[in-house]
Amino acid sequence: MKTKKNSKGFVCVLDTPSLEGLVYIGACTEDPKKECEELSSNLSTQVKLLYAKESANPFKLLSLVHAILEEYRVYEGRDFFKVDSILV
């Protein structure tokens, strides 16, 4: 997902069926559905948008969400978490 600090945008939760049990939690400044399509092509698998929350500063909000869910992070430095998508 594209990064533009201090821009309004969205925090998104994406389902990655090929990575069973994992969700991707990221931020974007563009339409979340468009970002989801872009990520799908980068991962060579279908990615489904589960939730998008509009925010005045999505990257600050994302940092907070990542800090709360840190213990569920699967790969260090990556935005994939092993949590139930309903919980997120």
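1. Ser55 touches Lys8, Gly9 and Leu61, leaving aside residues up to four places away in sequence; contact here means heavy atoms within 4.5 Å. The model is predicted, so local features need pLDDT of at least 70 and side-chain atom pairs count only at pLDDT 80 or more, while totals for chains, interfaces and linings use all residues. Residues are numbered from 1 along each chain as its sequence is written, and side-chain values use heavy atoms, with hydrogens and water left out.

2. Ser55 belongs to strand S3, residues 48-55. Helices (H or I, at least four residues) and strands (E, at least two) are DSSP runs, numbered from the N terminus. Ser55 counts as buried because its relative accessibility is 14%; buried means under 20% relative accessible area, exposed over 50%, and partly exposed in between, with a 1.4 Å probe and protein chains only. The side chain of Ser55 also reaches the backbone nitrogen of Asn57, at 3.1 Å.

3. The protein chain has 2 helices and 4 strands, and along the sequence they follow the pattern β-β-α-β-α-β.

4. The 4 strands form an open sheet in the order S3-S1-S2-S4, with antiparallel pairing. S3 and strand S4 (80-81) are the edge strands, each pairing on one side only. Two strands pair if DSSP finds at least two bridges between them. In general, strands of a sheet pair through backbone hydrogen bonds, either parallel or antiparallel.

5. Strand S1 (residues 9-15) is joined to strand S2 (residues 23-28) by 6 bridges, and the two run antiparallel. S1 also pairs with S3 in the antiparallel sense, over 7 bridges. Cys12 stands opposite Gly26 in S2 and opposite Ala52 in S3. S1 is mostly covered, with 5 of its 7 residues buried.

6. Helix H1 (residues 32-43) lies across S1, S2, S3 and S4 and runs at about 135° to S3. Helix H2 (residues 58-68) lies across S1, S2, S3 and S4 as well, running at about 155° to S2. Axes are lines fitted to C-alpha atoms, for helices over the stretch in contact, and angles run from 0 to 180 degrees between N-to-C directions.

7. Of the 88 residues in the protein chain, 34% are buried. Among contacts in the protein chain with a separation of 6 or more, 62% come from residues 24 or more positions apart. The accessible surface comes to about 5600 Å², and 50% of this belongs to carbon and sulfur atoms. Accessible areas come from the Shrake-Rupley method with a 1.4 Å probe; for residues, only the protein chains shown count as cover.

Definitions and conventions: Polar contact = N/O pair within 3.5 Å; in protein donor to acceptor, adjacent residues only side chain to side chain.
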